[in-house]
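Subject: Handover of a structure and its computed features

Dear colleague,

Please find the structure below, followed by an account of what was found in it.

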Amino acid sequence: MPYKNCKIYSDGSHYIAIPNENFKHGKKPSKSPRKEQPHKAEFETAYQESQALPKKERKDFMKEQLKDCFKNEKETNEFTDKQTERKKTNTIKRRVRLFRKVHLQEWNYFVTFTYDNAKHTEETFEESLRNTLKHLVSRKHWKYIGVFERSPTKGRLHFHGIFYIPEMIGELIQTTDYDTTAHRKQTTYQNTHFLKRFGRNDFKSLLPYDIDRSVRYILKYIEKSGERLCYGGKLPTYVKGHILDDDVLCPYGVADRKLLLFDDFTCIDDDGVVRGKASPEVIKYMTKTN
């Protein structure tokens, strides 16, 4: 077997394998307790506040907020630049990991939940919705990736997410109302279970070409507000398996350490079992990992 124990992921268009032998492994030295970096908390506060400003003004705003923490302008600038670059790098890593998880799953709905003031406060809405989704993951095998976010116009909390729903609860009913933002009538599909317990909701069917756009829509809110993603269900990042030499289209990535695969590569599980040619149905039964 030319390439054993590979990690395989999808970038949305192609499958890419990471050969085990091309990346150094071994026991990592034990880490000493991480020390809190001086002025990091002040930076995080300034960074969060800066997100409401135009991009060109954000760094200057942060430097102004942090200038009293340092001896001179040079130290302030160096610290701000270093921390901003750290945030940018972490954001890129999170985006890459998220899209790899997304492209390895099936998704069939984009869902928005909000709440009725007669049924919930903001706090009980978030707590109760998290608990409800947790039970649906464990009992009905739902999967989801989403975020709690505030409406830019009214500041009202709601939840956006992409979902895999193998078994629907309640019923989807078609409703027509007036969209005050778009100034036109709109038709939505609301779930009776969530309508009764929380309030307004919207279930939109997802086609394959809608998925990337929906994820970017969610990411827009995260990067704007700093909110954390909410995950539910098993969402691995990679498929584990062996790769045949004939299934490699060409080397790929930095220093050609990865392998770009043909779309119909042979799926060989990590225990040597040949599952068949790559397809969503075959990938589903391959061993997964993070």
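Is Leu104 buried or exposed? With a relative accessibility of 11%, Leu104 counts as buried; the term buried stands for under 20% relative accessible area, exposed for over 50%, and partly exposed for what lies in between (1.4 Å probe, protein chains only).

The model is predicted, and local features need pLDDT of at least 70, side-chain atom pairs count only at pLDDT 80 or more, and totals for chains, interfaces and linings use all residues. Residues are numbered from 1 along each chain as its sequence is written, and side-chain values use heavy atoms, with hydrogens and water left out.

Overall description

The chain has 7 helices and 15 strands; helices (H or I, at least four residues) and strands (E, at least two) are DSSP runs, numbered from the N terminus. Along the principal axes, the C-alpha atoms fill a box of roughly 65 × 60 × 35 Å. Of the 290 residues in the chain, 38% are buried. Among contacts (heavy atoms within 4.5 Å) with a separation of 6 or more, 61% join residues 24 or more positions apart.

The accessible surface of the chain is about 18200 Å², and carbon and sulfur atoms hold 50% of it; the areas come from the Shrake-Rupley method with a 1.4 Å probe, and for residues only the protein chains shown count as cover. There are 55 positive and 41 negative side chains, and the centres of the two sets are 3 Å apart. In this count Lys and Arg are positive and Asp and Glu negative, while His and the chain ends are not counted. The place of each charge is NZ of Lys, CZ of Arg, CG of Asp or CD of Glu.

Nonpolar cores

A nonpolar core is a set of buried Ala, Val, Leu, Ile, Met, Phe, Trp, Tyr and Cys residues joined through side-chain atoms within 4.5 Å. The largest one has 21 residues, and those with the most contacts inside it are Phe113, Phe125, Leu129, Leu133, Phe159, Phe163 and Phe194. Two or more residues of this core come from each of strand E3 (109-113), helix H4 (122-140), strand E4 (143-150) and strand E5 (157-164). H4 gives the most, with 5 residues. Beyond its neighbours within four places in sequence, Phe125 is in contact with Phe113, Thr114, Tyr115, His120, Phe148, Leu157, His158 and Phe198. Apart from this core lies another, of 17 residues, which include Tyr3, Val248, Leu259 and Cys267. As general background, nonpolar side chains tend to be buried together in soluble globular proteins.

Cys6 is in no disulfide, and the nearest cysteine sulfur, that of Cys267, is 12 Å away. Cys6 is buried, at a relative accessible area of 1%, whereas Cys69 is partly exposed at 23%.

Backbone angles

Two histidines deserve a look. His39, although not a glycine, has a positive phi of about 70°. His39 sits in the loop between strand E2 (15-18) and helix H1 (40-50) and is partly exposed, at 26% relative accessibility. His141 also has a positive phi, near 65°. The loop between H4 and E4 contains His141, and this residue is exposed, with a relative accessible area of 54%.

Individual residues

Leu104 belongs to the loop between helix H3 (73-102) and E3. Not counting residues up to four places away in sequence, Leu104 touches Pro236, Thr237, Tyr238, Val239, Ile283 and Lys288. Its C-alpha atom is 9.1 Å from that of Asp11, a residue 93 positions away along the chain.

Lys204 lies in strand E8 (residues 201-205) and is partly exposed, with a relative accessible area of 46%. The C-alpha atoms of Lys204 and Thr188, 16 residues apart along the chain, are separated by 7.7 Å.

Phe61, in helix H2 (residues 55-66), is partly exposed at 24%. Leaving aside neighbours within four places in sequence, Phe61 is in contact with Ala46, Glu49, Ser50 and Leu53.

Yours sincerely

Terms used
Disulfide = S-S within 2.5 Å.
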